[in-house]
Amino acid sequence: MIRPSATTAARPIRVRFDAGALRHNHAVARRHAEAARLWCVVKADGYGHGLARVVEALAEVADGFALVELESAIALRKAGIRQPLLLLEGFYDPKELPLFAEFGLTPVLHRLDQVEALRAAALPVRLPVYLKLNTGMNRLGLAAAELDPALALLADRADVTLMTHFADADGRHGIAEQRARFLAMRGERSLPVSLANSAALLRYPEARGDWARPGIMLYGGSPFSEISAAALGLLPVMTLESALIAVRDISAGDHIGYGCTFTADRPMRVGVVACGYADGYPRHAPSGTPVLVAGRRTRTLGRVSMDKLCVDLTDLPKVSLGATVTLWGEGLPADEVAAAAGTISYELFCAVTARVPWVDA
Ligand SMILES: *Cc1c(COP(=O)(O)O)cnc(C)c1O
């Protein structure tokens with residue numbers, strides 16, 4: 001795709017990236033981690049913020065980076081990143097193993113046959129490996145009975161860390177049951193451990209382990225539906241903004257947008273924003289989703305279309321054509337927009353599309 005630069009883009013939509021906010025959030029994670037080290041989770045292109053941008057901002061402070069894409073990990077090595085790199089889904093095919101050795105990557109092994117394949121590969125270097133244990137998420141991980149065979153296969157061949165992943169650290173189940181299973185599986189072994197995502201790191205000091213794995217909190221999203229990012233001391237890293245490209249008055253009974261899903265019950269003033277689902281704004285965001293126009297809070301009206309959405313200016317008489325519109329970010333937490341749209345900030349961040357130009361905050 002031919003990608004014009006942000007400075008020449010005519011359409012007013014932009015996504016602003018605040019590297020200082022990212023470092024601030026990392027410092028918050030660091031305070032919660034105390035002596036534990038931090039994998040900065042940068043999978044999915046740094047939760048949609050741009051891998052290079054995120055890694056560059058954190059390069060001086062990160063203990064390591066965790067991601068799922070092998071080609072991205074290799075690109076980081078080639079760009080001179082020296083920290084440990086953790087591949088959260090490990091390898092998909094044993095053919096990838098020589099690349100783990102060549103680039104010094106740490107695989108998460110979550111099936112016993114992967115442990116066997118690693119042993120069979122007889123790599124020329126001793127790799128650090130993470131053994132993922134299934135403690136109740138029931139997605140990836142070894143069963144309790146597989147741990148001893150796995151450790152026997154790896155004896156003298158790899159430096160092993162034990163990890164697990166919590167299903168509901170942000171919710172009512174908490175971590176107690178999974179942590180108890182993990183501790184029982186670990187037994188008397190003195191191997192290092194990695195347990196905590198953002199929610200567990202923020203809520204459960206006992207889950208810090210040796211290496212925590214914060215993701216969303218680095219980007220200024222709250223992992224908890226009932227606690228705001230601001231209350232956690234986190235700052236937004238991504239601000240999606242655009243501008244009003246039309247303003248009109250409508251009468252009671254008039255509809256707005258495709259499907260005529262919104263009908264005015266009184267005379268209204270409506271703004272049209274150059275932002276739609278092809279920019280990554282969620283199409284399922286209903287009328288009433290919060291939005292800022294010239295720094296004032298209002299709501300969306302009608303269906304989100306591919307390139308446009310409409311906002312209510314009825315109570316903002318001074319706002320005019322060209323006014324800045326914040327879809328989420330500074331002044332409007334992505335978590336609130338996500339909640340209104342029935343999703344989570346993670347999904348909003350990852351959804352911003354390639355046609356939106358990035359600028360530094
Ligand atoms: C994505 C991921 C994380 C980070 O989770 P957040 O909720 O974003 O903090 C941690 N661990 C694993 C295994 C992950 O896949």
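Is Asp-312 buried or exposed? At 6% relative accessibility, Asp-312 counts as buried. Buried here is under 20% relative accessible area, exposed is over 50%, and partly exposed is in between, with a 1.4 Å probe and protein chains only.

Some ground rules before I go on. This is a predicted model, where local features need pLDDT of at least 70, side-chain atom pairs count only at pLDDT 80 or more, and totals for chains, interfaces and linings use all residues. Residues are numbered from 1 along each chain as its sequence is written, and side-chain values use heavy atoms, with hydrogens and water left out.

Back to Asp-312. Its side chain meets that of Arg-299 in a salt bridge, 3.0 Å from N to O. Asp-312 sits in strand β16 (residues 309–312) and Arg-299 in strand β15 (residues 296–301), 13 residues apart. Arg-299 is partly exposed, at 28% relative accessibility. For salt bridges, the test is a side-chain nitrogen of Lys or Arg within 4 Å of a carboxyl oxygen of Asp or Glu. Helices (H or I, at least four residues) and strands (E, at least two) are DSSP runs, numbered from the N terminus.

Now the whole protein. Its secondary structure comes to eleven helices and 18 strands. The C-alpha atoms fill a box of roughly 75 × 45 × 35 Å, taken along the principal axes. Of the 361 residues, 52% count as buried. Take contacts, meaning heavy atoms within 4.5 Å. Among those between residues at least 6 apart in sequence, 65% join residues at least 24 apart.

Next, the domains. The assignment gives domain 1 (19–221) and domain 2 (238–360). Such bounds come from an automatic or database domain assignment. The C-alpha centres of the two domains lie 37 Å apart. Nine residues from domain 1 and seven residues from domain 2 make the contact.

How much area is buried between domain 1 and domain 2? About 760 Å², with carbon and sulfur atoms giving 68% of that. Buried area is the accessible area (1.4 Å probe) that two parts lose on being put together, summed over both. On the domain 1 side, His-49, Arg-53 and Ile-216 supply 52% of the area buried against domain 2, more than any other three residues. The residues of that side divide into four nonpolar, four polar and one charged. Ala, Val, Leu, Ile, Met, Phe, Trp, Tyr, Cys and Pro count as nonpolar, Asp, Glu, Lys and Arg as charged, and the others, Gly among them, as polar. Between the two domains, the salt bridge count is zero.

There are salt bridges elsewhere. The whole structure has 16. One of them joins Glu-330 to Arg-16, with the closest N and O atoms 3.5 Å apart. Glu-330 lies in the loop between β17 and α10 (334–340) and Arg-16 in strand β1, so this pair ties together parts that are 314 residues apart in sequence. Another pairs the side chains of Glu-226 and Arg-203, at 2.8 Å, N to O. Glu-226 is in the loop between β9 (211–212) and β10 (238–250), and Arg-203 is in helix α9 (residues 198–203), so the pair ties together parts 23 residues apart in sequence. Arg-203 counts as partly exposed, at 27% relative accessibility. There is also a network of salt bridges linking Arg-11, Asp-279, Asp-307 and Arg-355.

On to helix α4, residues 70–78. Leu-70, Ser-72, Ala-73, Ile-74, Leu-76 and Arg-77 are buried there. Their cover includes α3 (51–58), β3 (64–67), β4 (85–87), α5 (97–103) and β5 (105–109). Just after α4, Gly-80 takes a positive phi of about 100°.

Which other phi values stand out? Most residues other than glycine have a negative phi. Ala-44 has a positive phi, near 50°. Ala-44 lies in helix α2 (residues 43–47) and is partly exposed, at 35% relative accessibility. Asp-156 also has a positive phi, near 65°. Asp-156 lies in the loop between α7 (144–154) and β7 (158–163). At 72% relative accessibility, Asp-156 counts as exposed.

Last stop, strand β17 (residues 324–328), which holds Thr-326. Thr-326 is buried, at 9% relative accessibility. Leaving out residues up to four places away in sequence, Thr-326 touches Thr-239, Leu-240, Glu-241, Val-291, Leu-292 and Leu-332.
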